[in-house]
Every structure is written in C-alpha cells, then in structure tokens.
Amino acid sequence: MGNPKAFLTIPRQEAEYRPVHDRITDFGEVEQTLNTSERKLQASRCMDCGVPFCHWACPLGNRPPEFQDALYKGKWREAYDILTQTNDFPEFTGRICPALCEKSCVLQLSIDAPVTIREDEAAIIEAAFREGYVQPRSYRRNGKRVAVIGSGPAGLAAANQLNRRGYEVTVFERLEYIGGLLRFGIPNFKLNKPIIDRRIRVMEAEGIRFEVNADIDLTHLPEGFDAYCVCTGTPQARDLNIPGRELKGIHFALEMLAQQNRVLAGQTFSDKERVTAKGKDVLVIGGGDTGSDCIGTSNRQGAKSVTQIEIMPQPPVGKNPATPWPQWPVILKTSSSHEEGCVRRWSLSSVRFLGEKGHVTGVEVEAVDWLPNPDGGRPLMKHTGKKEVLKADLVLLAMGFLKPELPAFAPQVFVAGDAATGASLVVRCIASGRRAAADIDRFLTSAPAE
Ligand code: FAD
C-alpha cells in the first residue's frame, strides 16, 4: 500500500462518458479514459483493507488491493500479472462489469465513493496490450481433446483454461462470429467488437481451434473428444403472450440488438428484414440492462421517441434499506443510454397490444400496486384498473431469458455459464467457465487409463 492516506485526500474520479451530443451520433464506446497519472492517483485510494470485501464480492476472486498497489507504483506489468491470475478477460469485465467489487469496497460502504476498480482494471489490460505484455504462449500438450460448445464468455474462459492445462481445445459456435452475447447482444457502444477479435487472435495463436457456423446437436455431441464443456447460454427470450402479440413491429430485444451489431460488422439487410427504430415511437418493455441497451440503440438509429416501462416499482435512488450490504443494492440505475434520452415508467403491466392493418400502434397498460408479502417473499401485485394506451410503432421485449432445459449428459459432459445458471453476468460466466475447466481437468486426470 503505497499511500496510506490517499483515500482521505483524493476524491473518486471517473473517466466519465463522452458528451451526449457527440456519442449519440455513432456506435463507438461511450466511456472515456483517464490519463496515466490520474489513473495512478485513483489506484492510490485503495486502503488495502485487512479483509478485502472487494475480493470476496468478485465471482472471479480478483485481488484489487494487490493490483491497485502495483498500479499506484507504476508497475503496470506486475498489475497485469496479478489481474490475469484470476481473470482471463479483463478487457471485457473492465468495460461492462457492473462491478460487484465496487459495491463491496469499504469506501463505498463508508463514503459512497468506491475505488474505481473496474476502470483501473480496464486501464491495466489496455496498457498490457499496448506495451506488448499480452503475447501468445505455448503450452505442452497432454494428448487429450476437449470440445467447448458455445463461444460466449463462459466458453472462451473454459477454452482458455483448458488450453493452458495442455488440452487440445476446439470451440464450436453456431453463429458466424465468436463471442456469444459479447458479440451479438451487448452493443458496440459498451463493448467495441475489435476488443473481442484481439483476444480471439491471441487464443488462436495459442492453439485453440474455433469452428463457426457449427450448430451442435446437444444429444449427439461430436466424436473424438475426451470431454465436453457445454456453454450454450440462454437462447430463449421471455415472451409476452397478451392479445395482439402477432402484430408486426413487436420484436425480442435481441432481434434488434444482434442485427445492429451485424450491420456494424458490415452485413446488409433488406428493408423488410431490418428492425430499426428510425422515425418511430419505440416502447421498450422491461426495465433491465437489455432494455437499456435497446434505448441506446434506438436513439442512435434515430427514434422519434423512446419509452421504457417496467412492471416492478421504481427503486430508490442512492441507498435502499431493504437491500443492505452484502446484498446486491436494488437502487435506481441510470445508464449512459438513459442519459441519452427516454421516458422511464414503473409499476405498469402490459394488457394488450393495439394495431392497425396488422401493425402495432400502441400498448394498453395498467398501473399496478405492489403490496408487502405477509410470507416475506416477492411483493404481491395488485391491479388498480387504471389503464392507458402508450403509443408505439416499434415494441421491444426485454424481459429476460428462460433457463434452458438441457438433455441428461454423460459424466464427461460439463455445463457452464448462463446455460448452467440462467441469465447472469459476464463476470459470473468467466468464473463458471474457469471452474468447469478445473472440473474437466480433475475428471480427466483422475480417470483410469484405458
Ligand atoms: P452466451 O454469451 O449466450 O454464448 C452462448 C453461445 O453459444 C452463443 O454464441 C450461441 O450462439 C452458442 N450456441 C448455443 N447453442 C449452440 C449449439 N447448439 N451449438 C453451437 N453453439 C451454440 N452482462 C454483463 O456482465 N454486463 C453487461 O453489460 C451485460 N449486458 C448485456 C446486454 C444484453 C443485451 C444481454 C442479452 C446480456 C447482457 N449481459 C451483460 C449478460 C451476459 O452477456 C451473459 O450473461 C453472458 O454473455 C453469458 O455468457 P455465456 O457464455 O454463458 O453464453
């Protein structure tokens, strides 16, 4: 710990987003960076707590106090080495992790100004790529082969860890690009896709094989492998089966988000295929992160208006006594996309879609109240009868994803990421992929030789 009093004198400084008027005109990343000396000052705020809650809160078990200290002292290589002991892909989490570590930082719990752990992480890995610390390495082969099905963060982490342990790894991906939701869910303005390509190039150079356009039948896994890691995510979005659902102009969020990322990658779509918000009144149903990504995308596409509705009540701003630490704080989250312009409403249940000539024109919604549950569970919803129509000619359904039902697998088949847990976070999926790789290694090294 280089500067024991820095947390008393140096305020938290975020790199902040590009100004709205500038970022709204393109799909480039919205987050900016601090310069090196500002970044080191931020790292110096880490108090190196005796029991670091940040480390405990991170699903990867990242060790922020150690890498903050190295960063503060300008030892970027050492910071990179510490960070990558626990995290395969800091360039992803450093950009898009909701930073569970920061919610548990003692400076959050005491003065609401945690160390900028996520941004510091991004700075370390970007410096590592810039300075050439990230170089492909070669690993001694152990003669065994593992297939990874699905190339999202869980599959990539499993493949990376297995490759390092000497397995010959092939990643099979159904789609035309590697990356899962990193590629086709998360918008470029949060995670620019060359960041994924850069990592894939390193993994390929280290010997991992990637096969795209390879849709694997999970009941007949490809032959010739000693073990399998199924990381197929949660492909099915939650639907809203209310009257009028068949109308044109109602889409799952990912239909729009994935297509927009494909357009940015140079693919073209006919007017009929294109899901675009240009000139439209957009209604996003679902108040979470996917909904927020729809808002950012709609505004960039030139929407006339964007409204987001949520069935649950508006969470409190700042602090929520109902979810004290160490619980995840259920508080109002205002993303960069929200700042760019939208109307947000809560406690609204969707009753039916309205349309004309087969196309959606609006959604009838009803205000609901949420009453405390005497059994202590999820609050009870009460209809109020207060109905209104929200105008919309594009409706995006962003209400989460269903946990997949997977076939019963043989013992050499392991499951990781969202496929195992239901929809989650990138950081949890990387952790899950790492765990699965360790389990596969244990399984294959303890299996009796034939
Ligand atoms: P996925 O990323 O879903 O990847 C699964 C892959 O498996 C896909 O590429 C799929 O094509 C492939 N596949 C499926 N079936 C087969 C098959 N039979 N054969 C071959 N391949 C197959 N998390 C965050 O932490 N921060 C965020 O900001 C964030 N934003 C998000 C925004 C959106 C719009 C969405 C939808 C999610 C977001 N998430 C975010 C969640 C995060 O993206 C997921 O939790 C994570 O990507 C799941 O990783 P995964 O590897 O389990 O699966």
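1. A residue is called buried under 20% relative accessible area, exposed over 50%, and partly exposed in between (1.4 Å probe, protein chains only). By this criterion Gln308 counts as buried, because its relative accessibility is 3%.

2. The model is predicted: local features need pLDDT of at least 70, side-chain atom pairs count only at pLDDT 80 or more, and totals for chains, interfaces and linings use all residues. Numbering starts from 1 along each chain as its sequence is written, and side-chain values use heavy atoms, with hydrogens and water left out.

3. Gln308 belongs to strand 7 (residues 305-309); strands (E, at least two residues) and helices (H or I, at least four) are DSSP runs, numbered from the N terminus. A polar atom of the Gln308 side chain lies 3.0 Å from the backbone oxygen of Gly286. Beyond four places in sequence, the contacts of Gln308 (heavy atoms within 4.5 Å) include Val284, Gly286, His338 and Arg345.

4. Three strands form an open sheet in the order 9-10-11, with antiparallel pairing (two strands pair if DSSP finds at least two bridges between them). Strand 9 (348-356) and strand 11 (380-391) stand at the edges with a single partner strand each, so one side of each lacks a neighbour in the sheet. Strand 10 (residues 359-371) is joined to strand 11 by 9 bridges, and Glu364 has Val389 of strand 11 as its bridge partner.

5. Helix 11 (residues 153-164) is largely enclosed by the rest of the structure, because 11 of its 12 residues are buried; among them are Leu156, Asn160 and Gln161. Gly166, with a positive phi near 100°, follows helix 11.

How values were computed. Polar contact = N/O pair within 3.5 Å; in protein donor to acceptor, adjacent residues only side chain to side chain.
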